[in-house]
Every structure is written in structure tokens, then in C-alpha cells.
Amino acid sequence: MARRNMKRLNFINGSLLGRKRVVTEQIHLEETEEQGQSEVDVININMLPETETVCDREEVIRDCQELFDKFAGEAHDLMADFHERYLLWAFSDMLPPQMKALEASQPWIIYWIANSLKVMCPGSLTTDTQRRICQKLLKIAEPDGLFAGGQGQLPNLLCTYASIAALALCDNVDDCWEQIDRKAIYNWLMKLKTPDGGFRTCLEVGECDTRGIYCALAVAQMLQIMTSELCQNVKFFLIRCQTYEGGFGACPQGDEAHGGYTFCAVASLAILNEIPVMNIEQLMEWCSARQYNEEKGLSGRSNKLVDGCYSYWIGATSAILEAHGYGDCINKPQLREYILKCCQSSGRPGLRDKPGKSPDFYHTNYIALGLSITEYSFEAKKGPDALVNSSRILRTPETDLQPINPVFGLPSKDLADIIIFNKDRL
Amino acid sequence: MVEWKFDYSDLDKITENKPETGPGVSEKGELCGIMYDDEYKEIMRVFRGVLSLKEKSERALYATEVAILAVPAFYTAWNYRFDIVKALYGDSGDQLDRELDWLDEFTLANPKNYQIWSYRQAVLKVHPKPIFRRELPILAAMLDEDSKNYHVWSYRRWCVQFFGVLDEELTFADALIVRDVFNNSAWCHRMFVMKELEVDLAQRAASAEIEYAKAKILIAPQNISPWNYLRGIYNGILGSQFDAEIVTFALAFAGDVFDAHGDASPTANAQSSFALEFLAAIYSQNEETAPKAIAAYNALSSKYDPIRKSLWDHKIARLRT
């Protein structure tokens, strides 16, 4: 105990009072002897030199442990009805002024909320709401048929993905899918394409990384406007993003492996039906290393903290590998425990990154998707249009999460519906 | 209300009879409409006015500044700003430097923003005489604040390639590793440097890098970053030829995992699960040592890293077939 208190004191000195200790000392043998007496067998992080990384993580471990202790032995379920209130509120009232920070991401807000509802509380996305979703998004796309962050803004690739995904959730209400201008979107996607196989997020100053590729391919697949010209060189861009650690970085310039960019790269390769071109063993090692014994949740990079949203970014990457027959590289039951005990709180509806953080729509959606992944196993259909089937491995008494497609981030049925609709439009 | 540096009153006439739509306008009953405050509404009204004219002027530039300050992720304003900057400043280095100065200040206040960096790249690409040194202070300041900021590291690599200056990068990464040996972004940057070198240079530098990683492992054996780095150097530069020396080094952190039937003391716990994973990967390379790899995976599965059991089982299954 004395040693732990010492560590706490060091934490207070270092992180709260800003006294940074230069760490050069070596770990001595007598310190490591304590391992034998520790409660868990895994190598205790209290043994490590106290840099920012270690101090931050110790905090999170302590917060999670408190919650694991508090709910020990309890079957802890998703408080779906409680979270539903948070989501429905956003669809019934105007958003508060501080949400203007999302001015350029309006389709994202709609996708996050509508998708969370459909995954967690099917039935609560009413026909009336679906109508309002279509009205708002199709209005943004006027007059040229291209989707943007909001009305009067430049067309944007990431917002186009969010818009099409949100429209996919609307069961073609009022024939809204017919109003998506596929030709305009296709021609614009070709303009965003760069010679090295990337896609810019917008013309002309826009980032070019694996997110853009994913959004372009996911949109093209959902709208069934995929061509070989559109896919030209894309896989080479993606291959160059896989790093020595096994995950993928943003750009092919040696960027650090990162959960979000890895998902985008792997899901893109799944759409291209090119999964085998990457180093799968190393990717599996990297994905698996994202899960920590103490917190049970997933982190987005080596030596970074767990965050609920990676339940999807890494969870879906793992599910895609699983679907293609490479086995499961994350521990679903343990991830479930992190989500249910650490990412929700009866004090405030919505799902959160980690204990101590506030819920938001982004986290609510990706954590709900991640939780759904823990309830299913995945299998890909063969062939160029490979869709992923999920079969239930867990049924919880209180909730009934919808099966999702890990490549597209949508409930499986909604995805299949919009793809079939657009296939027939050809 | 906003204190404008310029007069925009003439814009009102242009927008007078048009229906108000666009940023800063919520329509009645609109789904997820935002309750904009009056100041914001005014900022966006002016912005919509200059944008509708595609005006390229100092006052338009200022309108984009005010809009970007209100919503840093407002990519439409960044794009418009770039058009204005090109039209007003052309290829005047001095004026583009002023734009970079403004950007520095803005960046410090908005560390998580995506748009800043692609905008900065666009400015450097039109700059007649961009200077690498000019980029360094802001990057150092940003990483001092948040040493793993993804965008900043990514932009630094872009700069290194754009300017073709590699000399300072190892020292730079080292300083951040000294500050926090767990900073994986800094380790990753080191690997970037190695990959940028010509093959023969990289091979010559490899042994120094191996010693570097080993020294850092001694500080904290349970640290994934230097172990991944070591594997990266061996696999990426040295053709996966792991030598006896590195095996001996790693074994020092493996406890009694490999001599379970020997006379090691029962308390000889491994000090690093990553050392076990590292050794298992080496031992998996040939059939003779495969049983040792299986022993390591079993130890990881049952004791040192049980949450990753499905991966360890997968590895064992591969070795057995």
C-alpha cells in the first residue's frame, strides 16, 4: 500500500502540479518482486517509470476498477430506454448554441443519432423522423445533388458518406432513395480522386487519407456506382498505409497505426474484395494488442488510453477479419464489460468514451455499434459483392441489439435494402 | 456584437430579397437545427454575403477569419480563404508568411483541428520560398502541449518529405522519447526516418537503433513501443534475421517461461509480456524452436496477457498445422 500511496503522490506532483520528473532510472530487482504478491498476474503497470503515459493510464485503470468493483457479480445491461431519451431529445428539440461547432458536420449528427436509435431501440425511429431526415439531407444536396456539411457549404466526401448512411436508415420513405443523384455523385468522386489512389475530402483544399477512401468506396457500394476506374490504384495507397506495427496510418508516409484509419483501410479492402493483400497476421496482432487486461476496453494506438469508440473502429476491423475466416482477435465478453460498466452511467443518458467523460452522439453511436458486434459472429458471403452475415452468439434479457454490418456501420438489414434498391435502379 | 474591422453594409442590399439559407440559419422545424446566438448569426450573415459575391478582398479575408474562429472545422471557409489568399497575395513570400503567422496563432488555440494542416500544406505549396525552419517552432510547441498529437506528427513527416530535410528528425524524436519513453508517436517517427534512408544507409544505422531500443527497454521492459520498434527494424531492414544476441537480451525479461521444467526459482516471473511475444515471433520462424513459441503463447494466454487469449490460441493453432 505504501508504494501505491507513493505513486499517487507522484501522480499529484507530476500531473496536477506539473512537476515533471526526468525518468532515467532503471527498474531494480526488488521492485519487481512485488509482482508475485499482486492481485492480478499480468505485469503490473505500477512498476513502470512515471511518465505522462503511465500516470494517465493509472488514472483510467483506477476509475474502471472502481466501477468493476461496484458492479461486481451484477449482470449489467445496456440502459437502452434511458439512452433513447437522450437521442429522441435531439430529434425533437433544437440543439443548444454550443453545437454550432458541428455546423460543418450536420449529416454526421443525424447519422449518429438515427443509427444509435436503430441499433439500440429499433422502432423508435418513426416514419415522421425519417421524413424529416430526408427533407433535411436532400435539401443540403440542392441544387447540384452533392452532399455537404450543411446548406450553402461546399460538397464534402465525409459528409456524403454520413448522408447516404443516414438516408439508408430511412426505409426509402417517400421514395427518397430515388432522389439521390447517383450520376452527379459518381462524377464528383472521380474529381476527388488523386493519381496515387487517394481521395480528397473536398475540392480543392481537403485532406487526403484513408478516411476519404473509405467514404468514397462505401458510398459507391451503397449506391451501386462502383467502377474499376473509381478503384484504380486505391489498394496500393492502402497497402502503403500499413505500418511496421501492423495497423494502418492516415497516409502512406509512415504515419502511426491508428484505430480509426485502420478501420477505414481494412473496410475499404473488404469492399474492394482485396483483404489478402495486407499483412493479416500483423494486423491481427496489432488489433489484439489494443485490448488491455485492466480496463478491458480498446485503445486506438500503442500506449494510448482506452476509449469506447474503438469498440467499433477496432471491433469492426476484427469482425471483418473474423468474417473472412481469420478468427477473432478481440475478447468480446471483456469488451462488453468495459462498455456496459464504464461507458454508461445512470446519472446521465448517452454513451461515453471512458469514466469521467461526458456522453456525446459520436460515442453513443460507435459504442452501440461495438456492443452489437460483441453479440454476434460474422461470416462473409463469397463473391465480388460480398456482404457480411451476422449470427447471434449472445442474447441479453433486457435488450435486443440489431445485427450490424461491420464494413458499413449500419444495421445489416438497412444496408442490404439500399444496396438491393440501387442494384435494381441500374 | 461583433466588432468588424471593415464595412459590409452594402452586402445587405444583395441578400435583401433572397431567402436566408446556409450556415448560421436554422429553418423552422428543421431536424437538428441549432439555436444560433445573435453574434454567430451576424458572423455567418456577413460570411454568406462575401461568399455569394466570391469577393477576393481584405474584408472578405477578414470575414473568413471571423467565421473560422467561430467554427474551426468550417472547411468551406478554409477553402474560400485559400482562394482569397491566392488572389490577394499571389506569390509574395512576405504576405504568405503573414498568413503562416496567423495560422500559427490559430493552431495553438485549436490543437485538434483537421483543416489547419491541409490548409498549411496548400499555403506552402504556393509559397515561392518555403522554409523548413519556419515550420519547426509551431510543431515543437504543439507537441510540447500534446506529445502524441496525430495531426502534428503527420504534418511533420509531410514537411520532412516536402523539404527533403531529414537531419534533425532522430534528435527530435529522441527528445520526446527521453521525456516519455512510452510515446509511441515518437517511436513511429524514428521508424519513419529509417524508412526514408537509402537501403544501405538504413542497414548500417540498424545496429545503433537496436542498441537504442534495448537501452529504452531497460528503463521500462513492459513497454510495447520499443519492442514493436525492434521487430520493425529486424523485419523491415534486416530481412527478419534475428541474431542470438537479441534473443539473449529478450530472454532476460522472460522469467522462467522457457525453463518450466528446469531449476529456476518459482518466483521468476517474466518482466515483460512484450518480450514473450517478441521471442515467440522469433521462435515461430522455424520448426525446431516452435515448441518454445508455443510455451510463450501458453504463458501469455494463462498468465501474462490473458485478455488476448484468442490471438495466442490462433498463433498456437497455426504452429501446430
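Student: Is the crossing of α6(B) and α8(B) left-handed or right-handed?

Tutor: Helices here are DSSP runs of H or I with at least four residues, and strands are E runs of at least two, numbered from the N terminus. A crossing is left-handed if the near helix is turned anticlockwise from the far one by less than a right angle, and right-handed if clockwise. For α6(B) and α8(B), the crossing comes out right-handed.

Student: Before we go on, what kind of model is this?

Tutor: Residues are numbered from 1 along each chain as its sequence is written, while chains are lettered from A and ligands numbered from 1 in the order in which they are written. Local features need pLDDT of at least 70, side-chain atom pairs count only at pLDDT 80 or more, and totals for chains, interfaces and linings use all residues, since the model is predicted.

Student: At roughly what angle do the axes of α6(B) and α8(B) cross?

Tutor: Axes are lines fitted to C-alpha atoms, for helices over the stretch in contact, with angles from 0 to 180 degrees between N-to-C directions. Residues 115-126 form α6(B), residues 150-163 form α8(B), and their axes come within 10 Å, crossing at roughly 15°.

Student: Which residues of α8(B) make the contact with α6(B)?

Tutor: Two residues are in contact if their C-beta atoms, placed from the backbone, lie within 7 Å. From α6(B) come Trp117(B), Arg120(B), Gln121(B) and Leu124(B), and they meet, on α8(B), His151(B), Tyr155(B), Trp158(B) and Phe162(B).

Student: Which helix of chain A gives the most to the side that touches chain B?

Tutor: Across the interface, 70 residues of chain A are in contact with 67 of chain B. On chain A's side, α3, α4, α5, α6 and α13 each supply at least two residues. With four residues, the one that gives the most is α13(A).

Student: Is Gln151(A) buried, partly exposed or exposed?

Tutor: Gln151(A) sits in the loop between α6 and α7 of chain A, and its contacts beyond four places in sequence include Thr21(B) and Gly22(B). A residue is buried if 20 or more other C-beta atoms (placed from the backbone) lie within 10 Å of its own, exposed if 12 or fewer, and partly exposed in between. Because Gln151(A) has 17 such neighbours, it counts as partly exposed.

Student: And why does Ile68(B) get its burial class?

Tutor: Ile68(B) lies in α3 of chain B, residues 58-70. Leaving aside neighbours within four places, Ile68(B) contacts Phe74(B), Ala77(B) and Trp78(B). Because Ile68(B) has 23 C-beta neighbours inside 10 Å, it counts as buried.
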